[in-house]
Amino acid sequence: MANLATNFIGIRSPNPFWLASAPPTDKEYNVRRAYEAGWGGVVWKTLGSEGPPVVNVNGPRYGVIYGADRRVMGINNIELITDRPLEVNLREIKSVKRDYPDRALIISLMVPCDEDSWKSILARIEDTGADGVELNFGCPHGMAERGMGSAVGQVPEYIEMVTRWVKTHSRMPCIVKLTPNISDIRKPAEAAKRGGADAVSLINTINSITSVDLDDFAPEPKIDGKGTHGGYCGPAVKPIALNMVAEIARSPETRGLPISGIGGVTTWRDAAEFMALGAGSVQVCTAAMTYGFKIVEEMITGLSAYMDRKGFTSVDQLVGRAVPNVTDWQFLNLNYVTKARIDQDLCISCGRCFAACEDTSHQAIAINPGRVFTVKDEECVACNLCVDVCPVQDCITMVELPKGTMDPRTGIVVGDYANWTTHPNNPMARAAE
Ligand SMILES: Cc1cc2nc3c(=O)[nH]c(=O)nc-3n(C[C@H](O)[C@H](O)[C@H](O)COP(=O)(O)O)c2cc1C
């Protein structure tokens, strides 16, 4: 089997699968069981300073978005950082790390935005044996209102300042966890790098209200008739997280900055996608909360089998492999021309491709009286919507037109699309004349 051993900023783990800072990593009991199940590492549930105790709500903490089969697609939470005493957490961290020296154990931290608070918590965690710290500049609810979490993560100058304090007062590797609640994710990543961060991790949760009770007229989860925004995570956020990871991985300012990828990772394939876009490790929360710790077995065996198939002997050969293929729109090849093809043997004549194309797109699907659907190449713009709405996998596929053939929609020979902007067949060009 392929070797999944990972060395992320000097932190070693037997595989790249870490549990993200959240309820699954809140206490010794959980973390021991997670390691026994096979997780390569954990980021301990965020610790705060010994100020006023952290008090969670006593009503429901989660709102959920379900798929059609009641599969959990997204969770919204209003939980705070750990509400267990610092001393207890530190004792447990030390004990777990002593017993599992080969696993990664990173401590997530969130304290008020002053140097003494950071200096003092860093001194407290020094002798736990933990492998590194993750600075939680991401949680968007509860703590942000107190000037911490995403309130710091949304101001690059604060990120840089706090990261520098941490690097000044600790020799531990430092991962800066970013909030996605910002317009350009590259800015906080650049700030973290300027402050001396060894890596960034992302994403933390996205500001959200998952639903509204239409009898009580309150957002859910409802606490005695009132609700508040929470942080959204799970499979639904994966596309947003992948894009943000890719943006950091390919930006000249942050290229090479190690990334721990987080957001909706549920299977080995999700993890491999994050890694291909530049993540040297991945972190998981919602999937573990939904299915339990054993999901890591599928991740380990799936990634190993994939790496064997590809001939990769180490995870480093996968990390970042897709980054050169992420580009800006203007560099996409207009001479790559495809048309939809419907496999009549697989077609169940449901007509969804027809309805979508006829009503909302390009009127490129014909229906005959026997409910046989065919593609009109002269209308098909290759948008892919018919493939997306077809309920039968592989029934509709996009097939590439060979170079040199004429695209019946435009009358342009495939290969000549570089001139399309000014070509006389282009109605936009004609209109501009
Ligand atoms: C209930 C809950 C509590 C969380 N608590 C923390 C936390 O204390 N610190 C932190 O950095 N992130 C926290 N997170 C965010 C996760 O670490 C992770 O960034 C996010 O859930 C996205 O990953 P996922 O899609 O795999 O869940 C929490 C998430 C959930 C669902």
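How many salt bridges does the structure hold? The structure holds 24 salt bridges. This is a predicted model, in which local features need pLDDT of at least 70 and side-chain atom pairs count only at pLDDT 80 or more, while totals for chains, interfaces and linings use all residues. Residues are numbered from 1 along each chain as its sequence is written, and side-chain values use heavy atoms, with hydrogens and water left out.

View 1. Arg 32 and Glu 28 are joined by their side chains in a salt bridge, 2.9 Å from N to O (a side-chain nitrogen of Lys or Arg within 4 Å of a carboxyl oxygen of Asp or Glu). Helices are DSSP runs of H or I with at least four residues, and strands are runs of E with at least two.

**View 2. The largest cavity.** There are four cavities of 30 Å³ or more, and the largest contains about 420 Å³ of space. Its lining has 33 residues, and Ser 21, Ala 22, Thr 205, Cys 233 and Cys 285 are the closest to its centre. A cavity is a set of points on a 1 Å grid over the protein atoms alone where a 1.4 Å probe fits but cannot get out; lining residues have an atom within 4 Å of a point. The volume is the space filled by probe spheres set on the points, which are joined across faces, edges and corners.

**View 3. Elements lining the largest cavity.** β4 (41–47), β6 (72–77), β16 (279–284) and α9 (286–291) each give at least two residues to the lining. The largest share, three residues, is from α9.

Definitions and conventions. On a 1 Å grid over the protein atoms alone, a cavity is a set of points where a 1.4 Å probe fits but cannot get out, and a pocket is an open set with protein on both sides within 12 Å along at least five of seven lines; lining residues have an atom within 4 Å of a point.
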